[in-house]
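Have the model open as you read.

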Amino acid sequence: MEVFVINQHSEALMPCTPRKARLLLKSGKAKVVRRNPFTIQLKYGSTGYKQDLTLGVDTGHNEVGLSVVSETKEVFSAVAKMRNDISEKMDTRRMYRRQKRNRLRYRKPRFNNRSASTIKGRLAPSVQWIVDAHTRMINQFKSLLPITKLVLETGLFDMAKMKNPEIRNKQYQKGVQYGFENTKAYILSRDSHQCQSKKKGCSNKLEIHHIKYRSQGGSDAPNNLITLCQKHHKALHAGKLKLTIKHHKSLRSATTMNIIRQRLLSIYPDAVETFGYVTKANRYKHNIVKTHANDAFVIAGGFNQKRTEERAIKFKRKNNRSLQKNRNGYAPTIRRQRYAIQPKDLVAFEGKQYKAVGIQNKGAYLKMTDGVKTMVKSVKKVKIIFYQKGLVYV
Ligand SMILES: [Zn+2]
Ligand SMILES: [Zn+2]
């Protein structure tokens, strides 16, 4: 597992091995500045060793792949699991607040002051969180590694190009033939990766069929294309099958991902945009199986570089900001204070390290664990070592 290194001016350098880090720390040439991800800062020396690195991000609302690649090796690889409990949490909060306003004490209704339509540019909290999660990770990577180029895969295919095939996107990665591949990715997606023959017994391989044949002047426009399995495609061309398509479907636009895409591209105007079908073609070319980490590796320009161990990134909701909690059978409890020590922080007690579990007795005691057993001690006797961040590298 790599250790991140920054120089005395807090600029990111190439990461080093734990062994090297231990030597630097032991000899007093470096100090620990961060525990997760483990980062050391050089106390002396020159600006240090740097290489041009590319960060590739397979964006998404479920899992996000990230990979940092140099010309010779992959320097960092991670897959982040996105939180998907935001809207549920917002519903709970809304319930509490409504109750407080209506039943516990009267206040003027304020119900229409925070919807996306009321405040310009405001995103739904769940969408905003995903945008923020991407920028948090990208910014952190940029602060820990000498990244010079950012490549974002923002979707499966280029929607803008679908609408206007004349568009030439300067930002594409090189190395793949685009045009029809983009359209194919779109058609497959539109047809939900299913044979549209409405017949049973489909074969596995999917193909794209021109409804009006190319030879008869049929175009590559989406409304002339349809997904068929190999078996039914063959049967159709042999005249053993008739298609019964009246109207053409259009793809229900992936609105959420499109909003996220637009936000990210405006936050990182220098980022290079790429698409899933390009990544897929590059993966095939270099015989790489599909995972989020592999996708990110390919997006970052990886093909035969030496790989690194895949890490996981988790988002921990560390600070519970809700003040009121209703407990069944009890009066609502109102928290009056935010405590200095929060769950998952690292604390020291009698020279040993513990992980905080939670505050008890209105801030007087701390429950903590060393991984084996838990204990409760007075907060006056424990010292905080490290405030756990919301971004956790496993
Ligand atoms: Zn079929
Ligand atoms: Zn055909």
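Buried here means under 20% relative accessible area, with exposed over 50% and partly exposed in between (1.4 Å probe, protein chains only). Strands are DSSP runs of E, at least two residues, numbered from the N terminus. This is a predicted model, where local features need pLDDT of at least 70 and side-chain atom pairs count only at pLDDT 80 or more, while totals for chains, interfaces and linings use all residues. Residues are numbered from 1 along each chain as its sequence is written, and side-chain values use heavy atoms, leaving out hydrogens and water.

Start with strand 9 (residues 225-229): 5 of its 5 residues are buried, so the rest of the structure largely encloses it. In a regular strand, side chains alternate between the two faces of the sheet. In strand 9, both faces are covered, with these buried residues:

| Side of strand 9 | Buried residues |
|---|---|
| One side | Leu225, Thr227, Cys229 |

Leu206 has Cys229 as its bridge partner in strand 9.

Strand 8 also holds Glu207. Glu207 is buried but has no salt bridge, and the nearest side chain of opposite charge, Lys205, sits 4.0 Å away. (A salt bridge puts a side-chain nitrogen of Lys or Arg within 4 Å of a carboxyl oxygen of Asp or Glu; Lys and Arg count as positive, Asp and Glu as negative, with His and the chain ends not counted.) Contacts of Glu207 (heavy atoms within 4.5 Å) include Ile226, Thr227 and His233, leaving aside residues up to four places away in sequence.

Definitions and conventions. Chains are lettered from A and ligands numbered from 1 in the order in which they are written. Helices (H or I, at least four residues) and strands (E, at least two) are DSSP runs, numbered from the N terminus. Two strands pair if DSSP finds at least two bridges between them.
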